[in-house]
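I hope they are handy to have beside you as you look through it.

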Amino acid sequence: MNRYSQLSVLFSAVAVMLLSSCVHNPDVPVSSTEVQNTPDIFPDYCDVTVPCNIAPLNFMLSSEVYSACVARVSTPGGEQRIYGKGVKVQIPEEEWHSMLEVSKGKSLRVEVWGEKDGLWLAFSPFEIHVAEEPIDEYLSYRLIEPSYIVYGYMEIDQRNLTSFEERQVFNNKVACDSPKGQCINCHSYQNYKTDNMMFHARGTAGGTIIVNDGKLKKVDLKRDYTISSGVYPAWHPTAKLIAFSTNKTAQVFHTVNPNKTEVFDSASDLILYDVETDCVSVICSDQELLEVYPTWSPDGKSLYYCKSVPLPEDMRDKDIRTTFQKLQYNLFRRSFDLATRSFGEEELVYDAAMANKSVSLPRVSPDGSYILFAEGQYGCFHIWHHDADIVCITLGEEMPLRLDLSKMNSAGFSDSYPSWSSNGHWIMVASRRDDGNYSRVYLSHFKNGKVGKAFLLPQEDPEHNIYRLKSYNRPEFMVEPVEISVNEFSKVFPK
Amino acid sequence: MIQKGKVSSTLLNGSLMAFILFVAYILHFNQEVFYTAYDRSEFLYGSSFFHILFSRPFSLIEYIGSWLTQLFYYPALGSVVLLVIWTFIFFAGINAFKLHGTAKALMMLPVSCLLSSVVDLGYWIYISPVRGYWFSQSIAYLIIMLLLWIARNTPRKCHLLWYVFAFCSYPILGWFAILFVLCLIFIGKPSWRENIGVVLILFAARIWHILLYSNLKFVDVSLGGFPCFETSLDSSTRLTIPFVILGVVTVVLAFCGRYLTKIIVPLACSVACILFTWLFMFNDKTYIDEMRMVRYAEQDNWKEVVEVASKNKRHTASMIMLKNIALMNEGGLLERSFSMGSVAYPIYNPDSVHVDFLEIASPIVCYNYGMFNESIRLNFENAMQSGFSPFHLKSLARCSYACGEDNLLNRYVSHIRHLLFHEDWQPYPISDNLKELVQCYPEELIGVENSDKYIVNNVSMWYESDSKLASEQALYYSMIRCDSGRFWASLRKYVKLHQDASFPKHAQEAYILYMDKSPEEKRMMLPVEESVYVRYQQFWKVLEKRVKSGVKLGDVKEQMHEEWGDTYWYYIIFGTMKY
């Protein structure tokens, strides 16, 4: 055998070893003990309804308890596939999508075995219901530690929901000479598309970066007559207009309360920014009350927002640190005439304060029939409030109907930042239900006013959800990826 | 001739031996520093950390360096691994540069640079943004020495491939790839074909920036891996000197190392290396003792904290706070605290780097006073800069445990258990003292409180609590604050809750002082030992005499320290830790 033959044999052997380590299809255990409950898998995908185009729902059993896990996935047509390596079940994307394809409108059956102390346990099977409605292909979020004052590396990423591809949209170091970097936030898209989008970059050479029909510019939204530059944005669905809140925001810390942090506004108004003309006009600027979190109806004819309720007379002049728990927001709207760019009178949509609650972050469903918002006992920054839940009410009825979201909300942990997929069949929230500290993206099916069990954004390695020490902040659906590169974005900043 | 050879051989061996002994001594001297290096260096399990590190040039080596830094959990083990790497560098370098006879001693120079680089950080150790620093530079240098050795043994016609290889390896080797090429150039004059390779490496950073690293600033790609000590508040060029010298020395060795065979070379090299390292090393006993106290405090080993504190006479603010906690747990806060010294000295900080109590000990101190939310916040503030090191992960895990946040605890514990030597790690039990103190900490909203001043002020207000422990703390910190109002309030509560206990010595000292100097306050009558009262009178007599004689207050402080440094009165007159 000459040297080249030896090398090729060696190469083939290594290749076979590598391949065999990548593709692992185990057998189901020959004997096992039946357990009368569904497996305690992480993430919990038992009996969830998922989009027909979602990435594989990889999961695992606890490595503290089990030494191995095997799962058999059966399609409605009877096709069966077996997976499992160690305590993880990771399904190849192609196989998963072919199983989803044949299971649309039906369910996948999943049987799980776990090896514990040398014995195999067979858990009760569970189902994964495959909805006929797909989910928007992309999702973007800011990855940030649940930090306090100091921040580190920050990035806005986009994730393909049909696969595990995650790509950076922008980061806070690339356009900044200071080692501290910028604070980048509030990415927002017009109508789920990315040719009109924006985000803020605060700090050195900061500003609001706006993509207008694919063209980039950096603008300063601060005017003499506004409290601050633009903060929380909402793109008008059809026109080149963005409604912003302008805020004077402060952050303080609880010494004992498990909520740990309070973020509140001491002043806040709404403005309208015309992307084409660079004009800023004031929508509302109540001197006493606080308006925040604007969002448009899908037809662009109404602007919804949250507005604080007047404090009791004896509390009005007091330091907000002593009155913050009395600060509550209701949901309002104003009509909007695109031709004249004028807003109508303010109209109360939902009186949360009457029930001793406070709303934030409203989002109207694409068909205009429902509105989602986060609700807590007080304030408008609910991601730090353990009692915060998502609420969905009907629109267009005299008495709004409150939908049952018990399958989506978590008990005792913050659920915040709700949003609708472009087809209105999927709700996404940023939830701290895993541990109370790190926000993760949860998705729920929505159909005819019924909301399905929330499930965690799938990851290629289920452990990724444990080991990523970052929060998923401001998750936003997109129907297409951001095509502008980080480098191109960085060029709008002065060198 | 034979005699000359013998002399040079003896000189070479002697110099090498002296240098080896010196290296061993320096490594031994810095064992506590190396433990802190482990404790404050980030290495996280999982693809997230892997990918973050892989997003820039030199990141693979940084990742390996970060992993190896865990070996400093046992400082001796990490030191041995460093020694092994440097030994390989020494021999690989001799072969790479073809050094013969006394010229072999020249390889002490790069080793000395690498040694200096791990012992010169000082307080940068708490805020260093460079991941895997402790091993990465040594590993990369070893790799290029081995590559150079191999390159020199390949036919000359293959050298062009080495230039191309250097270009390709830039994402892995960073600035060492350029150093490798420079060595190749100086070892043998490049042919016109090889010049293409030289040109290629000149533009390596620019090309890789376009190809792989467009999400980074160009400046972060050029000279990838060259340690850059820069934070939002501080920057240091001093710490990069060993690497600049390392680069220069390496090129010089490539250029003319083999000709430097004078008999004096070994001696000159060893002297130069020893002097260079000694001058560059951060050498301060308090710096080491402070690290030791932090380590013991992390392990709830309060006895050893007291032991270290009692042997050091120049406490920093962090050491004083740790000593106070240790005395709270071991007993004797009001009997021994001022005897052990409560006057805080500033840290020895030639770089004027912004490091103090916040970075060194604040999360542990807050935790041990039951201020869990504040401890969590301070851990995060620090981790944003230097990463989620074992120190911060363990501290966060302990806070989660104490707060009953089980899922969060599990997340942190999962990370910690993936660190080397931590498979069975679990947080220490919550002490009874801690359970008692938690009840005393009132809920309120606070701003950014990063200093020991906040803790002192806060604890001094615990006199309304019915906890015996809290009343002792309140009394002590009202004394530290020199606040007669809080002192009397605290004393009343302390006496009420400690009716069978004796009146502690330092409390007596404070009592006499406030009776004498703050007559307008609402006082209470308590019996004090006559010896304490007599000593108090003597203290003032001596003080008045010294001050009247025109001696500066600073000098009076020094003169009176020996006799009166163990009293509260000395603290109140000369203490720098006033709140």
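This is a predicted model: local features need pLDDT of at least 70, side-chain atom pairs count only at pLDDT 80 or more; totals for chains, interfaces and linings use all residues.

1. Helix α6 (residues 108–119) of chain B packs against helix α14 (residues 241–256) of chain B, with 9 Å between their axes and an angle of about 170 degrees. Angles over 145 degrees count as roughly antiparallel, so that is how α6(B) and α14(B) run relative to each other.

2. Which residues make this contact? From α6(B) come B:Leu109, B:Pro110, B:Cys113, B:Leu114, B:Ser116 and B:Ser117. Facing them, α14(B) supplies B:Pro242, B:Phe243, B:Ile245, B:Leu246, B:Val249 and B:Thr250. Sorted by class, the contact of α6(B) with α14(B) has nine nonpolar and three polar residues, and no charged ones.

3. Next, the domains. Chain B is assigned a domain 1 (2–283) and a domain 2 (286–574). Taken over C-alpha atoms, the centres of domain 1 of chain B and domain 2 of chain B are 43 Å apart.

4. Where the two domains meet, 29 residues of domain 1 of chain B are in contact with 25 residues of domain 2 of chain B. On the domain 1 side, helix α2 (residues 31–39) of chain B gives the most, with six residues. The residues on that side of domain 1 of chain B comprise 15 nonpolar, seven polar and seven charged.

5. Now to the two chains together. Here 38 residues of chain A are in contact with 37 residues of chain B. On the chain A side, the elements giving two or more residues are β12 (166–171), β18 (241–254), α4 (464–467) and α5 (486–490) of chain A. By class, the chain A side that touches chain B has 14 nonpolar, 13 polar and 11 charged residues.

6. One of those elements is worth a look of its own. In which sense does β18(A) pair with a strand of chain B, parallel or antiparallel? The pairing of β18(A) with strand β3 (residues 445–446) of chain B is antiparallel, over two bridges.

7. Last, the confidence figures. Chain B has a mean pLDDT of 93, and 98% of its residues reach 70 or more. For the complex, the predictor gives an ipTM of 0.93 and a pTM of 0.94.

Technical notes:
Residues are numbered from 1 along each chain as its sequence is written. Chains are lettered from A and ligands numbered from 1 in the order in which they are written. pLDDT is the predictor's confidence in each residue, from 0 to 100. Two residues are in contact if their C-beta atoms, placed from the backbone, lie within 7 Å. Helices (H or I, at least four residues) and strands (E, at least two) are DSSP runs, numbered from the N terminus. Ala, Val, Leu, Ile, Met, Phe, Trp, Tyr, Cys and Pro count as nonpolar, Asp, Glu, Lys and Arg as charged, and the others, Gly among them, as polar. Two strands pair if DSSP finds at least two bridges between them. Domain bounds come from an automatic or database domain assignment. Axes are lines fitted to C-alpha atoms, for helices over the stretch in contact, and angles run from 0 to 180 degrees between N-to-C directions. Angles under 35 degrees count as roughly parallel, over 145 as roughly antiparallel, 65 to 115 as roughly perpendicular and the rest as oblique.
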